[in-house]
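I opened this notebook to keep track of what I looked up. The entries go from the sheet to the cores, then to single residues.

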Amino acid sequence: MAEVIPMPEEIRATATRLNVDLASLDLDSIKLPPGEDFGIISDDEDLKEGEPLEVEEGFENIIVVDNLPLVPKEKFEKLEGVIRKLYSQIGVIKEDGLWMPVDPETGKTFGYCFIAYNTPQEAELAKEKTHLYKLDRAHIFSVNMFEDIDKFMKVPEEWAPPEAKPYVPGENLQKWLMDEKARDQFVIRSGSDTEVLWNDARHLKPEPVYKRAYWTESFVQWSPLGTYLATVHRQGAAIWGGATTFNRLMRYAHPQVKLIDFSPGEKYLVTYSSHEPSNPRDTHRVVINLFDVRTGKVLRDFKGSADEFAVGGTGGVSGVSWPVFRWGGGKDDKYFARIGKNVISVYETQTFGLIDKKSVKVDNVVDFSWSPTDPIIALFVPELGGGNQPARVSLVEIPSKGELRQKNLFSVSDCKMYWQSNGEYLAVKVDRYTKTKKSTYTGFELFRIKERDIPIEVLELENKNDKIIAFAWEPKGHRFAVIHGDNPRPDVSFYSMRTGSNTVKVSKLTTLKAKQANALYWSPSGRFIILAGLKGFNGQLEFYNVDDLETMAQAEHFMATDVEWDPTGRYVVTAVTSVHEMENGFNVWSFNGKLLYRILKDHFFQFLWRPRPPSFLTPEKEEEISKNLKKYSKKYEAEDQDVSLLLSEQDREKRKMLKEEWERWIGEWKRYHEDEKLVRQKLRDGEASDEEEEYEAKEVEIEEVVDVTEEVVSFD
């Protein structure tokens, strides 16, 4: 029996009006002309209007993994599980996306497999990370893209030399160092704009170099030698540079990257991201990638929970300290290390593996730091067993892992380590408990790293109970400064590791009493220091000459949040960032405290001087230049005088323009006054003169009836 299809009411009404019996019609026999539907929508029309079917084209998402073990049928599932576990960590493998062919004659695998990912990017990443992966001693993976197989098949039988391409020199990324005016660059971020500018202190203003809106989504960062400017985006990081402008040189794919860190020699870039766990009770998942800066390739990655990357291997989501990896061995970028639970893991960049394939075991280690110049690690272990096992600071040489020096410390509350920039000295600030355990006092253990047997000297302040607010070594020097005291206006003391002919005893140079300071900022060239009172001290600044032990200037930058010396030590910037809503911007000062110019910027986020690479001059040459500075400075003094004359001339021109503008304004008002002379004459009853002396003052009395009131008075 045929299925009865319900008819719409409008069709029934039309059939009734035309006297057509619908029951007698054979609808299946009705044929419409080609291309006509007469408004009747087909049941299949929704399929035509839907999205087109996705048809896979190409094999960009497939990799071929060769040199797998040849296994029989009974071991097939185990090998497949190992391969799937390894490659699913890199990306999502498609359903039925892992295929391992089997030889029908022997029943064993052929020794290779095909893996299909969801995206070509995942396949590329899998190839980069697992090519030459060592499964065991006899099986080292050879990984290729499936599409490359066709290319390999087309390799000619006979070798032909490749076509020589003409050399095209790249941009000089250090050209900014050859500025004829010997100026320094800096980068600022305000609002949505990022700008690179010259510090043109002679003309008392910055000179623009490059400006770009929405250049970064988070922050910018110079590389340690100033070659690159790094920007951070949701998809990853990028570096920029060039001779005359800033071009993008390389991208580093790392979704949701939060932090970046360059190696000291700019060879490597470390990126960090933290991802929310699916289970609220779990910690964040951390991903750290280590890139080759020039090629953009991932050389090593580290993944795990936030706990695994916290100091000492403990801590929660916020327990991760940055940088996780700390670089050592000077500018050669030979080693990097991180701290874990009872270990310090030291890696070498030649293989990006652990030195000797194992970490340095140090029970209960809580902190470590590298020498800035030598492969030496200083590490701190706190007291254990209620004081039965003392705290200690140890110096460990890398790669031998031999202990160079150790110092046991008793009744320790806390400990912090400060390296001098040349690696000659190490200061260890030790907070100790008093006998009653109710309070603490502070002292310093001073290590002389370059001397035989590394002698250690103990320094205690005159008042042991003084709180240490700040400590800072003089760059490339032998002096250090300490802010100490519990008063609202603490003291500042200066010490030297050398005193005349005696180079083995620390001595105090001077103490400055009652200073409004809570931070120390040495000039990069030493000698000069800024005693800064930030936050609660509202931006108090004292420019101090440590050679002459005298104050050069005192100033204030209200609400200042940052102090930054330029790389040469000639200029210093104080800034008010968007932490405060008002007075955002920065001031540029000379080294001796003279305010040169001021720039205001709304929503001011960042100020960074562009670092300079180390000088190629030998110490002997630098000493010679210092001795003959007057001879070298004549040229620059002449240039300064020319600039001064130019500024004076510009100032005179400016005053002249202001005077001419004033005279034009006065002239216009005089003409306007003359044009209204007839109006004034009419208002003055015919008197035309504007001189008050020509008029005689007369007093005229005028009587005027203001109001009249009638009142009937009764005489009764």
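**Entry 1. Terms and source**

I count two strands as paired if DSSP finds at least two bridges between them. Helices (H or I, at least four residues) and strands (E, at least two) are DSSP runs, numbered from the N terminus. The model is predicted, so I noted that local features need pLDDT of at least 70 and side-chain atom pairs count only at pLDDT 80 or more, while totals for chains, interfaces and linings use all residues. Residues are numbered from 1 along each chain as its sequence is written, and side-chain values use heavy atoms, with hydrogens and water left out.

**Entry 2. An open sheet**

I looked up an open sheet of 4 strands, whose order is β14-β15-β16-β17 with antiparallel pairing. β14 (259-262) and β17 (298-305) are the edge strands; each has a single partner strand, so one side of each has no neighbour in the sheet. On average, neighbouring strands here are turned by 15° against each other, direction ignored; the axes behind such angles are lines fitted to C-alpha atoms, for helices over the stretch in contact, and angles run from 0 to 180 degrees between N-to-C directions.

How many bridges join β14 to β15? I found 4, with β15 covering residues 268-275 and the two strands running antiparallel. For Asp-261, the bridge partner in β15 is Val-270.

**Entry 3. Whole protein**

The protein has 8 helices and 43 strands. Of its 716 residues, 37% are buried, where buried means under 20% relative accessible area, exposed over 50%, and partly exposed in between (1.4 Å probe, protein chains only). I also checked contacts, meaning heavy atoms within 4.5 Å. Among those between residues at least 6 apart in sequence, 45% join residues at least 24 apart.

**Entry 4. Nonpolar cores**

A nonpolar core is a set of buried Ala, Val, Leu, Ile, Met, Phe, Trp, Tyr and Cys residues joined through side-chain atoms within 4.5 Å. The largest one holds 20 residues, and Ile-63, Val-65, Ile-83, Tyr-87, Ile-115 and Tyr-117 touch the most other members. Two or more residues come from each of β1 (62-66), α3 (76-88), β2 (93-99), β3 (112-117), α4 (120-130) and β6 (142-145). α3 gives the most, with 4 residues.

I listed the contacts of Tyr-87, leaving out residues up to four places away in sequence: Ile-63, Val-65, Ile-93, Ile-115, Tyr-117, Ala-126, Thr-130, Phe-141 and Val-143. Another core, of 17 residues, lies apart from this one and includes Leu-426, Val-430, Phe-447 and Ile-449.

**Entry 5. Aromatic pairs**

I found 43 aromatic pairs in the structure. Rings of Phe, Tyr and Trp (its six-membered ring) pair if their centres lie within 6.5 Å; planes under 30 degrees apart count as stacked, over 60 as edge-to-face and the rest as tilted.

Trp-222 and Phe-246 form a tilted pair, at 6.4 Å centre to centre and 55° between the planes. Trp-222 is in strand β10 (residues 220-222) and Phe-246 in the loop between β12 (236-241) and β13 (247-253), 24 residues apart. Both Trp-222 and Phe-246 are buried.

Tyr-418 and Phe-471 are also tilted, at 4.8 Å and 40°. Tyr-418 is in strand β27 (residues 412-419) and Phe-471 in strand β31 (residues 468-473), 53 residues apart. Tyr-418 is partly exposed at 23% relative accessible area, whereas Phe-471, at 11%, counts as buried.

**Entry 6. Ser-496**

Is Ser-496 buried or exposed? With a relative accessible area of 1%, Ser-496 is buried. Ser-496 lies in strand β33 (residues 491-496). Its side chain makes a polar contact of 2.8 Å with the side chain of His-478. By polar contact I mean a pair of N or O atoms within 3.5 Å; within protein, one must be able to donate a hydrogen and the other to accept it, and residues adjacent in sequence count only if both atoms are side-chain atoms. The Ser-496 side chain also reaches the backbone oxygen of Arg-498 at 2.5 Å.

**Entry 7. Strand β30**

Strand β29 (residues 440-448) runs antiparallel to β30 and is joined to β30 by 5 bridges.
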